[in-house]
Amino acid sequence: DLCGDDHPDIRRLAVEILSYVGNASSMSFVEPYTDDDDPEVRRSVRRTLEVLADAPRDKESQRDPKHLTSELLRSAGPRRRQLLRSWRRHDERTSIALDIVRNRGELREVALQILLQEPSDKARPFLASMIIDDPDSDLAALALRLLAKLGSSDGASPDEINAIRRAFNSTTILSQTASFAAIKAFGLGQFAPALVELTESRDLAIGQPAAEAVNGLLDESHHELCEQLRVSLRTNERRRRGDPKNTARIHIVAHLLSALADVVTPSTIGVETLHQTIFQILESGGSIRPIRIKSIELLLASTPADGLGPFERWDTDQATMLIELLDHASRPAVQRIARLLVRGAPAEMEGLDMAARRMWNTGYVDLTQSIVPLLERSDSEQAKEWLREIAEGRDRRAADAARHILRQHRNQSDVIDAEFIPRNDD
């Protein structure tokens, strides 16, 4: 055994030779020398182990799975490490993982890691007890991740809900955040208020996964959480502005915007305040794509389809902010911005006619539903000229709408002129 030679150069050479001629089984000869007294030998050992870890399968990795399971449960030290590599490469590694899970041994963490890569519903009956037994453990966190991945159209069982609740109140971040994923996977709305509260955590390791879980968990039935979400959104946006390059902060804000879009309706109390918050976010974060997209979606969700009333419409600065977003807009974004301007832009707004023409030129926006109403809202002489162009165009529906608006303008003009005709009192 040259690896055990007294001379360090011989040991180093023997280790390096094994990197060329050895297989996975050779690792058991090399591993004892990871703590060799000679630094050159230790470096060779590390390099050789990296090579052997990717070596072709040996006969042991293809052996009978029941026999391999039995050996795994009895093994220790270098032999166990070698068997673990064989297990991970085995064609039936999932069935071996399930056997390990049933045996409740110390190898269950490895088994769960394998099952996370190749999920099996057969593991589900064992997961809740793993979590309940020690909700603060790494094993519980892995079991929660697998439970979330498996999910179920039938929902979580009472034992699973109890396990998720225990982990949600865990003192360890791994278990707690893993419970967030399970809550979302099973749609457990009873956790929503506490989860929304955690989105305000200063600890990004808690706040970001909480926001990810909230996004997709809520719907309009959770409308009572709208104000709590809005407050969290403002808090997290303030933190994002203080740390503008932090992608985690950006993701939290985007998730909360999306969650609010799922919850809010145009009739939700406090929509005007919500719109002010959204425009504040757009003012500082409109150039950031996720924030821009989610802000527009939230504005659409919270604005009536038939439009805001004359005294409820956004001011010129807010509408201009939406128009400026056209510089970064994709086709769907242009369409959404057009619908928003129809719903909320102020009457006779300067520049609205040019924005309408700009969107018209893209070919993305419906003439009848968006361009004609925007030109009508603008009421500029240029807008009337473009309405006449549409009235003479090939789009019959848009042409009819444009002609109707132009007739209204003429009728109003005739009424105004008639009011100034001198009356003959004789």
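**Group meeting: helix packing and salt bridges**

Okay, let's start with a helix pair: the axes of helix H13 (residues 204-214) and helix H15 (residues 247-263) come within 8 Å of each other and cross at roughly 30 degrees. That angle makes H13 roughly parallel to H15, since under 35 degrees counts as roughly parallel, over 145 as roughly antiparallel, 65 to 115 as roughly perpendicular, and the rest as oblique. Helices here are DSSP runs (H or I, at least four residues), strands are E runs of at least two, and the numbering goes from the N terminus.

Before I go on, this is a predicted model, so local features need pLDDT of at least 70 and side-chain atom pairs count only at pLDDT 80 or more, while totals for chains, interfaces and linings use all residues. Residues are numbered from 1 along each chain as its sequence is written, and side-chain values use heavy atoms, with hydrogens and water left out.

Back to the pair. H13 passes H15 in a left-handed crossing, meaning the near helix is turned anticlockwise from the far one by less than a right angle; clockwise would be right-handed. Who touches whom? On the H13 side the contact uses Leu-204, Gly-207, Gln-208, Ala-211, Glu-212 and Val-214, and H15 brings Ala-248, Arg-249, His-251, Ile-252, His-255 and Ala-259. Contact, by the way, means heavy atoms within 4.5 Å. Sorted by type, the residues of this contact are six nonpolar, four polar and two charged. In that scheme Ala, Val, Leu, Ile, Met, Phe, Trp, Tyr, Cys and Pro are nonpolar, Asp, Glu, Lys and Arg are charged, and the others, Gly among them, are polar.

Next, salt bridges. Searching the whole structure turns up 18 of them, each being a side-chain nitrogen of Lys or Arg within 4 Å of a carboxyl oxygen of Asp or Glu.

Take Arg-85 and Glu-31, whose closest N and O atoms are 3.3 Å apart. This one links distant parts of the chain, 54 residues apart: Arg-85 sits in helix H5 (residues 77-89), and Glu-31 in the loop between helix H2 (27-30) and helix H3 (39-53). Arg-85 is buried at 15% relative accessible area, and Glu-31 is buried too, at 9%. The cut-offs are under 20% for buried and over 50% for exposed, with partly exposed in between (1.4 Å probe, protein chains only). Glu-31 and Arg-85 also join Arg-81 in a network of salt bridges.

Now a local one: Glu-237 and Arg-241 pair up at 3.4 Å, N to O. They are four residues apart in helix H14 (residues 226-242), so about one helical turn separates them. Glu-237 is buried, at 2%, whereas Arg-241 is partly exposed, at 43%.

Asp-366 is in the loop between helix H20 (352-362) and helix H21 (367-378), and Arg-397, 31 residues away, is in helix H23 (residues 396-419). Asp-366 is partly exposed at 33%, and Arg-397 is partly exposed at 46%.

Is Ser-44 buried or exposed? Buried, at 1% relative accessible area. Ser-44 is in helix H3 and touches Arg-12, Val-15 and Glu-16, leaving out residues up to four places away in sequence. Ile-269, in the loop between H15 and helix H16 (271-285), is exposed at 81%.

Definitions and conventions:
Axes fitted to C-alpha atoms, helices over the stretch in contact; angles between N-to-C directions.
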